[in-house]
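Opening the notebook on this one. I want to jot down what I look up, one topic at a time.

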Amino acid sequence: MNKFLRLFVQRSDFLLSTVTWLFVFIYTLHAWSLSTPPPLDYTPMHVVLISCLFTSFFAFLIYFEFFRRHFKVYQTVILNVTVTNVLLLMWLFNIGFVAILLIIFLVKFSDYEPRKSILYLLICLPFCMALVLHYGFNREFVLLNGLAFTLYNSFAYRFATRLISERKAKEQAAHLLRELKATQSLLNDTATRDERIRIARDLHDTLGHHLTGLSIHLEVASHCASVQAPKHIAKAQQITRLLLSDVRDSVSSMRENQTIDLYASLHSLCSDVAGLNVMLEYDPAIKISDALLAQTLFHAIQEAITNSIKHSDADELNVTLRLENQTVQLHIKDNGNKSTELNLGNGLKGMQERLALVKGAIEFKHCDNGFAINATLPHKLNPHTLA
């Protein structure tokens, strides 16, 4: 039940548009059959023609809701055909209820972010058509109808643009919040690792130092004690050596177990991205212990997600990290636009610069079904080889 309700809410705009379209379609055919005189002959051929025009508009609703991301190449043709069909219907039926379809089209069209001049022309179309019908063809009672629907269009446009702005603001806020949580996770893990290193260093420098001094003093005392003392001093020396050995083992263990939980940060970064399904594949064999390397991988994937959202119109992004020959192989691929022109913006150039700092390599390319990023980074950084 909850799944059905969520699906209903997600598709509520489409369902409402469909119900409105169906009402206008049925009402128009019914009013046409009863009108005297009819706007055109009520013949089977004309009924089929009008039905095809209405069906074409419904096909636009389906395209807008389900297929516009996958068939963006047909976008301009579909929009032009749809608005032409609506105008033809408005002309045939003296504007009438058919103008409601223009309101629906205007709301959907606003989501494409067209030029303001085109939107204003669509808003004023009912009144412009009313002027032509009234003064050019002596059609009565169309001026008021055209003015009313022009005002409706104005209200629908303002309402649609406000909703679009709010939706984009929410998506941007969700995007920033998700990045903040992922970055915080990475920083917390790095801070924990640094704190453990500090504790290990302090243990070695303080406790280890004092125990070493104690062992030396006991060694000296063993040569100055009475006949029975050496036995107890020897025991103390043995305990001291064991304690010193335990401290060294603890320090070594703490230093060795310093991997950063990069997967948790990346999982948070790739989850619940608005408008983009990010699929993360992470090789468990990857154990990152260097903060610079972890940050480089994190920021590369972060920039790839941002780039896909802003520039590619993609709805899927695959992120794969694998360990091969002591190198981390990062592969990122989306299903966005198919442009063959490659322009490196500030984000992609920043990725190149970050990879160069850790002696890594990165490649950008357009493929048959999207944009791909391939990068190679060392699994462990050698501080002596860094520039």
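Predicted model: local features only at pLDDT ≥ 70, side-chain atom pairs only at ≥ 80, totals over all residues.

**Entry 1: a glutamine to begin with.** I picked Gln-75 and asked what it touches once neighbours within four places in sequence are left aside; the contacts are Tyr-63 and Tyr-112. Gln-75 sits in helix H4. Buried or exposed, I wondered about Gln-75? I get a relative accessible area of 18%, and the cut-off for buried is under 20%, so Gln-75 counts as buried.

**Entry 2: the overall picture.** I counted secondary structure next, and the protein chain comes to 11 helices and 5 strands. The chain has 387 residues, of which 36% count as buried. I also looked at how far apart in sequence the contacting residues are. Taking contacts with a separation of 6 or more, 69% are between residues 24 or more positions apart.

**Entry 3: the cores.** Which residues have the most contacts inside the largest nonpolar core? I find Phe-54, Phe-57 and Leu-101, in a core of 43 residues.

Not counting residues up to four places away in sequence, I have Phe-57 touching Trp-21, Thr-82, Val-86, Leu-101, Ile-104 and Phe-105.

**Entry 4: aromatics.** I ran the ring pairs, and the count comes to 22 aromatic pairs. One of them is Phe-25 with Phe-54, which is stacked, at 4.7 Å centre to centre and 25 degrees between the planes. This pair links distant parts of the chain, with Phe-25 in helix H2 and Phe-54 in helix H3, 29 residues apart. I checked burial for both partners: Phe-25 is at 14% relative accessibility and so counts as buried, and Phe-54 is buried at 0%.

I also wrote down Tyr-120 with Tyr-157, an edge-to-face pair with 6.3 Å centre to centre and 80 degrees between the planes. Tyr-120 is in helix H6 and Tyr-157 in helix H7, so this pair ties together parts 37 residues apart in sequence. What about accessibility here? Tyr-120 counts as partly exposed because its relative accessibility is 44%, while Tyr-157 is buried at 5%.

Then I looked for clusters of rings. Phe-14, Trp-21, Phe-25, Phe-54, Phe-58, Phe-66 and Phe-67 form one aromatic cluster. I see both partners of the stacked pair, Phe-25 and Phe-54, on that list.

**Entry 5: the cavity.** How many cavities of 30 Å³ or more does the structure hold? I get 1. The volume of the largest cavity is about 30 Å³. I listed its lining as Ala-304, Ser-308, Leu-317, Ile-332, Lys-333, Asp-334, Phe-371 and Ile-373. By type, I have 5 nonpolar, 1 polar and 2 charged residues in that lining.

Where does the lining come from? At least two residues each are supplied by helix H10 (291–312), strand E3 (327–334) and strand E5 (370–378). Strand E3 gives the most, with 3 residues.

Technical notes:
Residues numbered from 1 in each chain as written. Heavy atoms only, no water. Core = buried A, V, L, I, M, F, W, Y, C linked by side-chain atoms within 4.5 Å. Buried < 20%, exposed > 50% of the residue type's maximum accessible area, 1.4 Å probe, protein only. Contact = heavy atoms within 4.5 Å. 1 Å grid on protein atoms, 1.4 Å probe; cavity = no way out; pocket = protein on both sides within 12 Å on 5 of 7 lines; lining within 4 Å. Points joined across faces, edges and corners; volume = space filled by probe spheres on them. Helix = DSSP H or I, 4+ residues; strand = E, 2+ residues; numbered from the N terminus. Nonpolar A, V, L, I, M, F, W, Y, C, P; charged D, E, K, R; others polar. Phe/Tyr/Trp six-rings, centres within 6.5 Å; stacked < 30°, edge-to-face > 60°.
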